[in-house]
Amino acid sequence: MIKRLPYHEIDFEKYTQCLENSQQRKYSATKDFLDITSNKQWELLVYNNYEAVMPVPFVIKFGFKFVINPKLCQQLGIFSPKDSVEINTEFLSYLQRNYLTRIYSFNDGNHFQIDLKKKKNYIIYPDSYENVYSKYSPKRKRKLRSEIEILNESEIKVIGFSDAQKFIQANLLGADKDSDIVDFIKLFKKLYLAGLVFFHAYYYKNKIINVIAVYSDEKTNALLGTFNDKNYVKISGASILIDETIKKNIDRKIFDFEGSELPNVEEFFRGFRPELKPFPVIEYSNKGLLLKLLNPKYLFQSLFKK
């Protein structure tokens with residue numbers, strides 16, 4: 001049986017226990033990360049007594065809840081000791097019946113009785129760095145071999161938020177509008193202050209030319225952002241920063257590239273020879289949401305639940 005719990009009714013101890021012991025564990029579903037990225041606007045679907053859980057983030061528009069994955073939160077979905085197609089399909093059915101879903105991303109460990117649209121992600125699982133490096137593409141290995149003249153004037157540092165903010169604002173690509181840039185900066189600041197995100201910078205001639213934002217916990221490093229000064233592309237600072245993070249942690253932590261649907265970014269990630277881990281997604285157009293909202297049955301249910 002699936003129950004729907006508002007935020008204030010969630011037993012976070014049971015939730016965390018279920019998540020951490022799940023087959024599908026994802027850092028993005030942890031309470032601290034999800035609280036920050038969603039501004040605590042999420043509720044929980046629970047199967048029986050926390051045998052399986054599914055966090056559901058939302059935004060409120062026109063007085064209605066619309067389900068949408070928050071910025072920087074790539075995957076959520078169902079978490080359980082063993083992935084169950086039947087239970088997952090129950091959760092999916094419940095979500096579709098009871099919510100207005102703009103976009104919801106399940107995780108790469110979730111499987112269903114029906115085919116869902118897939119998006120790409122890439123992961124390197126814990127192994128010795130020597131084994132991981134041996135799989136890099138020849139092109140990626142060449143990019144990591146800097147000329148001695150460049151090495152002599154280069155340095156890698158972990159920097160604070162204020163230095164990272166200036167560089168990110170000047171070099172953030174892919175944001176649709178100025179408000180998106182502001183939102184990303186706010187999220188990075190909150191995650192940094194919570195001790196969840198670190199900024200690694202590549203300096204050339206005492207100037208920052210690349211920054212990566214890396215989420216870090218005991219089990220995972222995740223690449224939340226790569227920011228580059230386009231005037232120094234040939235130096236390959238981003239590749240060096242990612243490789244350095246992998247080198248220091250891959251013996252005990254997953255490295256999650258967080259995927260991309262952009263061909264050039266995907267090609268860049270694939271140079272590290274990670275495993276392709278597609279994850280299911282459901283999404284509906286604004287027109288589809290409007291038609292559902294105008295359905296008298298759904299409208300009555302929504303008003304009754306309020």
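Glu266 and Lys120 form a salt bridge, with their closest N and O atoms 3.0 Å apart. Glu266 belongs to helix 10 (residues 263-270) and Lys120 to the loop between strand 6 and strand 7 (122-124), so the pair ties together parts that are 146 residues apart in sequence. The model described here is predicted.

**The open sheet**

- Strands of a sheet pair through backbone hydrogen bonds, and the pairing can be parallel or antiparallel.
- In this model, 7 strands form an open sheet in the order 1-2-3-4-5-14-6, with mixed pairing.
- Strand 1 (2-5) and strand 6 (117-119) stand at the edges with a single partner strand each, so one side of each has no neighbour in the sheet.
- On average, neighbouring strands of this sheet are turned by 35 degrees against each other, direction ignored.
- Strand 6 runs antiparallel to strand 14 (residues 279-283), and 3 bridges join the two.
- Lys119 has Phe279 as its bridge partner in strand 14.

**Helix 1 on the sheet**

- Helix 1 (residues 12-20) packs on the sheet and touches strand 2 (42-47) and strand 3 (52-61). The direction of helix 1 makes about 115 degrees with that of strand 3.
- Which residues of helix 1 are buried? They are Phe12, Tyr15, Cys18 and Leu19.
- Seen down the helix axis, these buried residues fall within an arc of 125 degrees, so they line one face of helix 1.
- The buried residues of helix 1 pack against helix 2 (31-38), strand 2 and strand 3.
- Glu13 and Gln17, on the other side of helix 1, are exposed.
- Asp11 caps the N-terminal end of helix 1, where one of its side-chain oxygens lies 3.2 Å from the backbone nitrogen of Glu13.

**Salt bridges**

- Side chains of opposite charge can pair when their charged atoms come close.
- How many salt bridges does the structure hold? The number is 15.
- In the pair from the opening, Glu266 is buried, with a relative accessible area of 14%, whereas Lys120 is partly exposed at 34% relative accessibility.
- One network, made of salt bridges that share partners, joins Glu20, Arg25, Asp217 and Lys219.
- Lys31 and Asp35 form a salt bridge whose closest N and O atoms are 2.7 Å apart. Both residues lie in helix 2, 4 residues apart, which is about one turn of the helix.
- Lys31 is partly exposed, with a relative accessible area of 24%, whereas Asp35 is buried at 8%.
- Asp183 and Lys71 meet through their side chains in a salt bridge (3.6 Å, N to O). This pair links distant parts of the chain, 112 residues apart: Asp183 is in helix 8 (residues 178-193), and Lys71 is in the loop between strand 4 (64-68) and helix 3 (85-98).
- Asp183 is partly exposed, with a relative accessible area of 30%, and Lys71 is partly exposed with 31%.

**Two loop residues with a positive phi**

- Most residues other than glycine have a negative phi.
- Lys40 is not a glycine, yet its phi is positive, at about 60 degrees. Lys40 sits in the loop between helix 2 and strand 2 and is partly exposed, with a relative accessible area of 48%.
- Tyr50, also not a glycine, has a positive phi of about 60 degrees. Tyr50 lies in the loop between strand 2 and strand 3.
- Is Tyr50 buried or exposed? Tyr50 is buried, with a relative accessible area of 12%.

- In strand 10 (residues 207-216), 9 of the 10 residues are buried, so the strand is largely enclosed by the rest of the structure.
- Strand 10 pairs with strand 9 (residues 197-204) in the antiparallel sense over 8 bridges. Val197 has Tyr215 as its bridge partner in strand 10.
- The hairpin of strand 9 and strand 10 has 2 residues between the strands, and Lys205 in this hairpin takes a positive phi near 55 degrees.
- Strand 10 also pairs with strand 11 (residues 220-228), in the antiparallel sense over 7 bridges. Val214 has Leu223 as its bridge partner in strand 11.
- Strand 10 is joined to strand 11 by a hairpin through 3 residues.

How values were computed
Residues are numbered from 1 along each chain as its sequence is written. This is a predicted model: local features need pLDDT of at least 70, side-chain atom pairs count only at pLDDT 80 or more; totals for chains, interfaces and linings use all residues. Side-chain values use heavy atoms; hydrogens and water are left out. Two strands pair if DSSP finds at least two bridges between them. Axes are lines fitted to C-alpha atoms, for helices over the stretch in contact, and angles run from 0 to 180 degrees between N-to-C directions. Contact means heavy atoms within 4.5 Å. Buried means under 20% relative accessible area, exposed over 50%, partly exposed in between (1.4 Å probe, protein chains only). The arc is that of the directions from the helix axis to the C-beta atoms. A polar contact is a pair of N or O atoms within 3.5 Å; within protein, one must be able to donate a hydrogen and the other to accept it, and residues adjacent in sequence count only if both atoms are side-chain atoms. A salt bridge is a side-chain nitrogen of Lys or Arg within 4 Å of a carboxyl oxygen of Asp or Glu.
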